[in-house]
Amino acid sequence: HGCTPGAPVTLTSGDDQVGATTAGTDGTFTSPVAFTRIEAGKHEVTARCGVVLTGSVEQIVTSSTGGHSGTMIVLVFFVLAGIAVLRFN
């Protein structure tokens, strides 16, 4: 909050625009923020709407592996072992 009522609001982080909206009749606004780069850490977001407002966003980067490759290797091992047992009996 704190914007001029009805003013356009531009949200930036560094040199990148990350959002835009229009302030309501009471000077408040909400807007999704979409970063163009994924970089872990704290990022300052600036809203310009007749006044300059700042806040920060913490961006966390996680990674995940499927975990299926280990299961697949075990499955292939047992299939091959079963074929070998049946073939050589």
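Modeller: One detail to start from: Thr-10 has Arg-48 as its bridge partner in β3. Keep in mind that this is a predicted model.

Colleague: OK, and which strands pair there, and over how many bridges?

Modeller: That's strand β1, residues 8-13, pairing with β3 in the antiparallel sense over three bridges. Another spot along that pairing is Leu-11, which stands opposite Ala-47 in β3.

Colleague: Back to Arg-48. Which residue is its bridge partner in β4?

Modeller: In β4, Arg-48 has Val-52 as its bridge partner.

Colleague: How many bridges join β3 to β4, and do they run parallel or antiparallel?

Modeller: Eight bridges, and the two strands run antiparallel; β4 covers residues 52-59. Glu-44, for instance, stands opposite Ser-56 in β4.

Colleague: What about the hairpin of β3 and β4, how many residues sit between the strands?

Modeller: Three residues, and in that hairpin Gly-50 takes a positive phi near 100°.

Colleague: Zooming out, what's the strand order in the sheet?

Modeller: The sheet is open, with four strands in the order β2-β1-β3-β4 and antiparallel pairing. β2, residues 16-22, and β4 are the edge strands, and each of them pairs on one side only. On average, neighbouring strands of this sheet are turned by 25° against each other, ignoring direction.

Colleague: And what holds strands of a sheet together in general?

Modeller: Strands of a sheet pair through backbone hydrogen bonds, in either a parallel or an antiparallel way.

Colleague: Changing topic: I care about His-43. Where does it lie?

Modeller: His-43 lies in strand β3, which spans residues 41-48.

Colleague: Is His-43 buried or exposed?

Modeller: His-43 counts as buried, because its relative accessibility is 14% and the cut-off for buried is under 20%.

Colleague: What does His-43 touch, leaving out residues up to four places away in sequence?

Modeller: With those left out, His-43 touches Ser-13, Phe-35, Gly-55, Ser-56, Val-57 and Gln-59.

Colleague: Which side chain does the His-43 side chain make a polar contact with?

Modeller: That would be Gln-59: a polar contact of 3.5 Å joins the two side chains. Gln-59 is also one of the residues that His-43 touches.

Notes. Residues are numbered from 1 along each chain as its sequence is written. This is a predicted model: local features need pLDDT of at least 70, side-chain atom pairs count only at pLDDT 80 or more; totals for chains, interfaces and linings use all residues. Side-chain values use heavy atoms; hydrogens and water are left out. Buried means under 20% relative accessible area, exposed over 50%, partly exposed in between (1.4 Å probe, protein chains only). A polar contact is a pair of N or O atoms within 3.5 Å; within protein, one must be able to donate a hydrogen and the other to accept it, and residues adjacent in sequence count only if both atoms are side-chain atoms. Contact means heavy atoms within 4.5 Å. Two strands pair if DSSP finds at least two bridges between them. Axes are lines fitted to C-alpha atoms, for helices over the stretch in contact, and angles run from 0 to 180 degrees between N-to-C directions.
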